[in-house]
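Here are my notes, as promised. Have the model open while you go through them.

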Amino acid sequence: MPKNKKVKQLEDSAPHDDYHENENRVYVFNNVLFNFNMYINADNADEACEKFDQCGFAHRSQWKIMVELGSQPAEGPHGE
């Protein structure tokens, strides 16, 4: 994969406040063909994509990208 390949820009959906601006997030790259996940720690979506591109995986269209936010629901809607 060429090093000068342009990284696809992703919109950062996390709220923009002091807590989230300084938080390192976990980005999950899910391979939809083989059903496995690769986890990347990064400060933002652009950095996560750069790290992913350095791995040199082919067929970028086979990957979906998800992000873990610092504020995750811990229990179900009824406290279960």
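The points below go from the ground rules to the sheet, the helix, the core and the aromatic rings.

1. Ground rules. Keep in mind that this is a predicted model: local features need pLDDT of at least 70, side-chain atom pairs count only at pLDDT 80 or more, and totals for chains, interfaces and linings use all residues. Numbering starts from 1 along each chain as its sequence is written, and side-chain values use heavy atoms, with hydrogens and water left out.

2. The sheet. Three strands make up an open, antiparallel sheet, ordered E2-E1-E3. Strands here are DSSP runs of E, at least two residues, and helices are runs of H or I, at least four residues, numbered from the N terminus; two strands pair if DSSP finds at least two bridges between them. E2 (36-42) and E3 (63-68) are the edge strands with a single partner strand each, so one side of each has no neighbour in the sheet. From one strand to the next, the twist averages 25 degrees. Axes are lines fitted to C-alpha atoms, for helices over the stretch in contact, and angles run from 0 to 180 degrees between N-to-C directions.

3. E1 against E3. Six bridges join strand E1 (residues 25-31) to E3, in the antiparallel sense. If you want a spot to look at, Val28 sits opposite Met66 of E3.

4. The helix. H2 (residues 45-54) lies across E1, E2 and E3, and runs at about 125 degrees to E2. In the loop between E2 and H2 you'll find Asp43. Its relative accessible area is 43%, so Asp43 is partly exposed (buried is under 20%, exposed over 50%, partly exposed in between, with a 1.4 Å probe and protein chains only).

5. The core. Tyr27, Phe29, Met38, Ile40, Ala42, Ala45, Ala48, Phe52 and Trp63 are the nine residues of the largest nonpolar core. E1, E2 and H2 are the elements that give two or more residues to this core. A core in this sense is a set of buried Ala, Val, Leu, Ile, Met, Phe, Trp, Tyr and Cys residues joined through side-chain atoms within 4.5 Å.

6. The rings. There are five aromatic pairs in the structure. Rings of Phe, Tyr and Trp (its six-membered ring) pair if their centres lie within 6.5 Å; planes under 30 degrees apart are stacked, over 60 edge-to-face, and the rest tilted. Phe29 and Phe52 are stacked, at 4.5 Å centre to centre and 5 degrees between the planes. This pair links strand E1 with helix H2, 23 residues apart. Both Phe29 and Phe52 are buried. Since Phe36 is in E2 and Trp63 in E3, the pair ties together parts 27 residues apart in sequence. Phe36 is partly exposed at 35%, while Trp63 is buried at 9%. Phe29, Phe36, Phe52, Phe57 and Trp63 form one aromatic cluster.

7. A polar residue to check. Asn30, in strand E1, counts as buried at 14% relative accessibility. What does its side chain make a polar contact with? The partner is the side chain of Asn37, at 2.6 Å (a pair of N or O atoms within 3.5 Å; within protein, one must be able to donate a hydrogen and the other to accept it, and residues adjacent in sequence count only if both atoms are side-chain atoms).

How values were computed. Contact means heavy atoms within 4.5 Å.
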